[in-house]
Amino acid sequence: MPDYRSHQNLRLQNFTAFSDATLEFVPGVNVFVGENGTGKTHILKALYAVQLTKARDGRSISDTLGDLFQTRNLAELIRLGTAEDVWARVQGSYDGQEWVWDVLRDHDKWIGTETQLRKVERPVFIPAIDMMGHTKGFLAAYNEVQLDFDSACLDIVTLMTLERKNGGRPPEIANGLAKLLGGELEYEENTGRFYLATPAGRLPMPLVAEGLRKIATLARLIQNG
């Protein structure tokens with residue numbers, strides 16, 4: 001998830017499900033509660049897009065949003081039912097920096113503008129769809145063919161399969177997660193698949209309960225720092 005200690009606020013105007021919404025964040029954990037289709041994931045993707053864009057060089061917010069929402073026509077992000085000349089705006093404040101992204105629909109074209117931020121920390125977005133059990137061949141396939149997965153799925157698989165030299169967290173956290181898993185998490189680079197090694201045997205991750213795969217995802221991200 002994006003670092004909400006650094007995101008101070010967010011405003012969404014004519015963006016996807018939102019006509020005009022303003023959110024003020026508190027330090028620490030922020031929780032979004034709402035019915036299906038109200039835009040909770042879209043809020044997270046908007047925050048993730050701006051932070052991820054500024055954590056990497058050579059990308060724009062428009063490019064990142066397009067990858068996250070799986071569209072090359074960003075006018076599709078303008079709220080349905082608005083007039084042809086209506087624009088969408090996403091703006092906020094990150095670590096004291098104001099940022100804004102606009103898109104204007106112009107017939108079959110879209111015109112986007114955005115402000116620049118200085119370099120920021122790389123965020124982590126854990127998508128609702130489980131990817132721990134679907135890593136085998138995923139990175140190679142994503143880079144070769146058109147898959148119907150948004151870039152958040154690519155990002156999480158990339159982070160889980162990294163082998164960082166200077167990562168890690170206090171051992172007690174990893175030990176606590178290992179107890180919940182009931183075994184050791186293993187990754188085979190040659191197959192691109194995760195396994196859960198238990199006293200009873202070794203299970204490929206697709207055979208592990210989905211709830212445990214969520215915990216395994218957190219465990220792997222912590223291992224990678």
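For this tour, Ala, Val, Leu, Ile, Met, Phe, Trp, Tyr, Cys and Pro count as nonpolar, Asp, Glu, Lys and Arg as charged, and the others, Gly among them, as polar. The model is predicted, so local features need pLDDT of at least 70 and side-chain atom pairs count only at pLDDT 80 or more, whereas totals for chains, interfaces and linings use all residues. Residues are numbered from 1 along each chain as its sequence is written, and side-chain values use heavy atoms, with hydrogens and water left out.

**Stop 1: the second largest cavity**

Select Ala46, Ala49, Val50, Ile61, Leu65, Val90, Trp99 and Trp101, which line the second largest cavity. A cavity is a set of points, on a 1 Å grid over the protein atoms alone, where a 1.4 Å probe fits but cannot get out; lining residues have an atom within 4 Å of a point. Two or more lining residues come from each of α1 (40-55), α2 (61-69) and β4 (97-106). Helices (H or I, at least four residues) and strands (E, at least two) are DSSP runs, numbered from the N terminus. The greatest contribution is that of α1, with three residues. By class, this lining has eight nonpolar, no polar and no charged residues. The space inside is about 30 Å³, where a volume is the space filled by probe spheres set on the grid points, which are joined across faces, edges and corners.

**Stop 2: helix α2**

Next, select α2, where seven of the nine residues are buried. Buried means under 20% relative accessible area, exposed over 50%, and partly exposed in between (1.4 Å probe, protein chains only). The buried residues are Ile61, Ser62, Thr64, Leu65, Gly66, Leu68 and Phe69. Just after the helix, Gln70 has a positive phi of about 55 degrees.

**Stop 3: the largest cavity**

The structure holds two cavities of 30 Å³ or more, and the largest has a volume of about 60 Å³. To display its lining, select Ile126, Pro127, Ile129, Asp130, Met131, Met132, Ile156, Met160, Lys214 and Thr217. The lining divides into seven nonpolar, one polar and two charged residues.

Now centre the view on Thr217, in helix α6. Is Thr217 buried or exposed? Thr217 is buried, because its relative accessible area is 5%. Beyond its neighbours within four places in sequence, Thr217 is in contact (heavy atoms within 4.5 Å) with Ile126, Met132 and Met160.

**Stop 4: the sheet β6-β7-β8**

Three strands form an open antiparallel sheet in the order β6-β7-β8. β6 (184-188) and β8 (201-204) stand at the edges with a single partner strand each, so one side of each has no neighbour in the sheet. Two strands pair if DSSP finds at least two bridges between them; β6 and β7 (residues 193-198) pair in the antiparallel sense over five bridges. Select Glu184 to find Ala197 of β7 opposite.

**Stop 5: Leu23**

Finally, select Leu23, in strand β2 (residues 18-24). Leu23 is buried, with a relative accessible area of 17%. Which residues does Leu23 contact, leaving aside its neighbours within four places in sequence? The contacts are with Gln8, Asn9, Leu10, Phe32 and Ile43.

Notes. On a 1 Å grid over the protein atoms alone, a cavity is a set of points where a 1.4 Å probe fits but cannot get out, and a pocket is an open set with protein on both sides within 12 Å along at least five of seven lines; lining residues have an atom within 4 Å of a point.
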